[in-house]
Amino acid sequence: MSDQKPIVLPNIVPVKDLADKLDVPVTKIIGMLMKNGIMATINENLDFETAAIISEEFGFTAELASKLNTEAVINDEQSLKERPPVVTIMGHVDHGKTTLLDTIRKSNVVASESGGITQHIAAYQVTHNKKVITFLDTPGHAAFTAMRQHGANITDIVVLVIAADDGVKPQTIEAIDHAKLANVPIIVAITKMDQPGANPDRIKQQLAELELVPEDWGGQTVVVPISAKTNMGIDQLLEMILLVAEMKHYQASFEGGASGVVVESHMQIGKGPMATVLVQNGQLKNSDVITVGKTYGKIRTLQDFNGEAIDNALPSQPVVISGLRQLPNFGDQMVVVDTEKQAKDNALRFAASINLGRVHTINKSGLDQSVTEEQMESKELPILVKADVQGSLEAVKTVLEDLGNSEVKINLVGLGVGPVSESDITKSRASKSIVVAFRVPVSASMRQLADKEKVNISSYDVIYDLVEDAKTALSKLLPPEEVVIDHAHCKVIAVFKGNTKSQVIGVLVEDGILKMGEQFRVMRKKEQIGEGKVLGLRRGKEEVKEMLSGQEAGVQIPGDLKIELKDELISFVTEVHTRTL
């Protein structure tokens, strides 16, 4: 709404403080929380998402404060100094990000006293022309997409990798969206210039269509052709990073207690929880007491990215710390505090707010949980997509259209940019479709309307999660597959007289296990001449339930089968298997 008033909130806010900020009675806040399925008292904490939704109901648009659940580091002009730029390399999964990072790391890594890298962590520093650059090595596969997404939020510069022999892909567009939303400059590295099919002009044309016009085309986007295999353009890329950093003049406070963000965490035998932290402000020292998201502790060991013990760390420096009570999450904010009691209180408040957020989102269902009987019959999954920006919308549209096969498909009944609206829910109800909210907010009033109209809204922040859920949902529309599994191959060695109801034959089980009650088919000279069911099994005079390979058995079968010596009897079971795309 145009008359919404802005309000700045931390990522944790007590109910009472929210009421004061909104200038409404605390009872109204508690009542609104109850309407949204959250039971909270005056002193309980709300996470930012919940507080933002409640604020919207009272005519406010909430923005997240730059510092989360802790006191901000105060920066005065005297303490501000130039710091190294923080760079994240992003792009399509097969376009050479890892190779580029390895090439830069091997030739330019800041050397420790012992020389070289002693361990690999999610962030490291390189030197070029006596200037330091910090790289965030965020993995590119689907399991760590959230890391790459956060990477654009904690980085200064994004290097967008695009293969010269392939071009822009949906993941490329997603990376551009992340960088634009984070308001960070983009440097494009056109990789694999050594490949025969390299076509940099085609890449530049695609970039121009995405509003990233190259400098040599009259735009402002730095584009560097490179080859990680031959080292072509690597120095130029590093020079461009330093040039952008010089123009942006990145600064931080080098005084006071540190704040930073977690970029990786793991358990280590003998040391317990370990976290890789990127220092953003102040000085982080050995033995500092810190809060990190919902955990806390006193730093026991402080190492640089080479694994060397250090006494302190400065802004833009990645360090590995131990001493935390439990593993933190990627993106958790770290801050130095005065006492362990203060650290513990901060961590408990943060954990409480996360739990409240879970209560708030407990009724959200994913796309894969939304398949109806009608869709099972039609073999079609109707979806209405709302996304944050046009680039995201195009990426989602492309990946969803590529799913499906000749049997099942996705029907995109609507595409739009912006929050989910009343008209979206009305259209979804009429088309019996699922609303996919991709990185856009869904207000409490829209959730209530969707519940009333029996419309499912599935929210996603990561395109890979959406794709996986869409595949699962489409797979549910596929008819099951009947799979015949042979259990035993038997050779007929005797035929006895029987009647119209049953007869007895002697067989040698040549392979597998012949079981009582199983179906079988009769083969003669590789052609099937009949089928039936094992009515009885005898070994000598003893009735048995199964016969093993190498054993001879008397088999009772239906009397209408015309069995001859040397026929083959193959027993089998038919299993119904669900199918996946």
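Is Asp-567 buried or exposed, and what is its relative accessible area? Asp-567 is buried, at a relative accessible area of 2%, where buried denotes under 20% relative accessible area, exposed over 50%, and partly exposed in between (1.4 Å probe, protein chains only).

The model is predicted: local features need pLDDT of at least 70 and side-chain atom pairs count only at pLDDT 80 or more, while totals for chains, interfaces and linings use all residues. Residues are numbered from 1 along each chain as its sequence is written, and side-chain values use heavy atoms, with hydrogens and water left out.

**View 1. Salt bridge between Arg-524 and Asp-567.** A salt bridge places a side-chain nitrogen of Lys or Arg within 4 Å of a carboxyl oxygen of Asp or Glu; in this pair the N to O distance is 2.8 Å. Arg-524 belongs to strand β28 (residues 519–524), and Asp-567 to the loop between β33 (552–558) and β34 (568–577), 43 residues apart. Strands (E, at least two residues) and helices (H or I, at least four) are DSSP runs, numbered from the N terminus. Arg-524 is partly exposed, at 24% relative accessibility.

**View 2. Salt bridge between Asp-156 and Arg-83.** The closest N and O atoms of this pair are 2.7 Å apart. Asp-156 lies in the loop between α5 (145–154) and β9 (157–163) and Arg-83 in the loop between β5 (80–82) and β6 (86–91), so the pair ties together parts 73 residues apart in sequence. Both residues are buried.

**View 3. Salt bridge between Glu-543 and Arg-538.** Here the N to O distance is 3.4 Å. Glu-543 is exposed, at 60% relative accessible area, whereas Arg-538 is partly exposed at 38%.
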